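Here are my notes on the model, as numbered points. Have the structure open while you read.

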Amino acid sequence: MGALNTFPVSVKVEGQRIVIVGGGAEALNKARLAIKTTAEVVIVSRTIEEDFSALPVTVRERPFVPCDLFGTAMVFVADHGEDGAAAQRMARLVGVPLNVVDVPDSCDFYTPSIIDRAPISIAIASEGEAPVLARLVRARIEAMLSPDLGAVARLAGSLRDRVAALLSKPQARRFYEALVTINSPDVEALLESHRGEAEGIVWLIGAGPGAEDLLTLRAQRLLQEADVIVHDHLVPDAVVEMGRRDAERISVGKKKGHHSFTQAQINALIVRLAAEGKRVARLKSGDPMVFGRAGEEIAALRKAGVAYAIVPGVSAALAAAADTATPLTLRKVSTGLVFATAHGADNDELDHWAALAASGLSLALYMGKTITASVAGKLLARGLSASTPVGIVVNAGRPDRTLHRGTLGELALDVISFSDGPAIIFIGAAVAAGDWQDAAEIAVHDFKVA
Ligand code: SAH
């Protein structure tokens with residue numbers, strides 16, 4: 001991620017002036033922005049080409065003079081002549097922040113695209129690099145926000161003292177959340193209903209395979225509501241970041257070779273946090289109910305009498321199927337799907353899977369990357385055909401995914417050099433129906449797909 005060369009702030013302009021030097025179209029544009037504020041907007045130019053009469057601005061049709069900058073919060077120079085140059089020099093001299101329209105190198109500040117729901121403002125800035133993109137982003141955000149947002153913000157502002165006196169901090173936050181999400185709320189009833197003891201809860205949330213836009217809307221909403229986010233290492237930072245900015249974040253990562261929490265410690269942690277009245281987002285990769293140790297956590301929560309809810313996510317096998325357009329069930333080819341863990345599978349289990357695959361079910365093996373060849377060998381030994389199609393997706397659902405395809409016989413040769421990241425192994429006839437065009441062939445050569 002690149003660092004910002006600018007720092008977005010909201011500058012106080014109340015009781016001050018915003019001066020625009022110039023009288024043409026550029027000046028008019030800046031004037032339209034500036035009048036969104038309560039500042040006095042002053043236009044200075046010897047020639048006024050545009051019609052400013054409909055705007056609440058002061059027009060001084062004369063050359064720029066230094067005292068134009070007294071009491072001035074910022075100055076826009078939209079005049080490419082002598083007056084513009086003089087205004088620039090003067091602004092520098094007296095330290096008034098300066099914007100020279102369309103000359104980024106001479107600017108102290110840039111004007112972002114603005115969404116105005118006073119007192120709420122949203123600024124989209126691109127450091128002058130991509131104004132068109134910034135405007136597009138603005139249009140999208142604009143469409144998401146109710147025109148009443150400003151009124152709700154003002155209502156919230158007017159209630160601040162009462163809320164602070166009546167409610168604890170977590171209660172207050174929940175109150176404000178309800179205030180902004182409920183249509184025409186009954187403020188008194190809402191205040192009353194938030195006065196009780198805050199009840200903790202644990203949400204077991206599926207974060208999907210690691211792409212931010214493969215999260216459910218519910219997961220996204222609850223991440224915003226959570227006081228604490230407890231996450232695994234497979235959940236990418238970008239998803240963890242989607243939570244509330246001031247939410248506490250605890251990584252209980254189980255990455256090989258790193259310090260990590262035991263399952264018992266995780267169980268104890270989420271129970272304790274909820275008992276403190278916190279709302280806990282227990283964020284897991286994929287779906288929480290698929291190889292996610294959800295069973296143990298739910299048992300612990302039940303035992304402790306803690307409220308909980310499960311939010312499903314896109315499990316890795318389903319993301320891998322989507323990546324490769326592989327129909328895991330397919331009429332006359334595959335009548336079902338087995339999610340299994342390759343890691344730690346014993347002989348009985350292997351017998352069982354070989355039989356299932358032979359009878360036409362698709363196998364989706366989790367946690368098998370380091371033992372693919374040996375699992376393939378064992379399935380062959382149990383009579384599964386060497387020509388059974390296999391496909392492997394590393395980093396399913398993510399931009400950096402890599403694919404491998406071949407047959408069970410080839411898989412047993414142990415020639416794949418995998419790229420970093422978790423992998424799903426598909427075994428079964430349905431794989432052949434997918435689109436594995438971008439996959440490296442397992443036997444012939446094995447290379448990283450760009
Ligand atoms: N609950 C998760 C599974 C967690 S177990 C889910 O539903 O997806 C961890 C295993 O999941 C990994 O060893 C790997 O087999 C698989 N996995 C998780 N994310 C993956 C991804 N983005 N691509 C491929 N496999 C993934």
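This is a predicted model: local features need pLDDT of at least 70, side-chain atom pairs count only at pLDDT 80 or more; totals for chains, interfaces and linings use all residues.

1. Leaving out neighbours within four places in sequence, threonine 326 is in contact (heavy atoms within 4.5 Å) with Ala321, Ala430, Val431, Gly434 and Trp436. Threonine 326 sits in the loop between helix H11 (316–323) and strand S13 (336–341); helices (H or I, at least four residues) and strands (E, at least two) are DSSP runs, numbered from the N terminus.

2. Threonine 326 is buried, at 5% relative accessible area. Buried here means under 20%, with a 1.4 Å probe and protein chains only.

3. Residues are numbered from 1 along each chain as its sequence is written, and side-chain values use heavy atoms, with hydrogens and water left out.

4. Now the ligand. Of the 18 residues around the ligand (a heavy atom within 4 Å), Val290, Ser315, Met367, Ala396 and Ala423 come nearest. Domain 3 (201–311) and domain 4 (317–441) both contribute residues to this shell, so the ligand lies between them; the bounds come from an automatic or database domain assignment.

5. As for polar contacts (N or O atoms within 3.5 Å), a backbone N or O atom of valine 290 is 2.6 Å from a ligand nitrogen. A polar backbone atom of proline 209 is 3.0 Å from a nitrogen atom of the ligand. On serine 315, a polar side-chain atom lies 2.6 Å from a ligand oxygen.

Terms used: A polar contact is a pair of N or O atoms within 3.5 Å; within protein, one must be able to donate a hydrogen and the other to accept it, and residues adjacent in sequence count only if both atoms are side-chain atoms. Buried means under 20% relative accessible area, exposed over 50%, partly exposed in between (1.4 Å probe, protein chains only).
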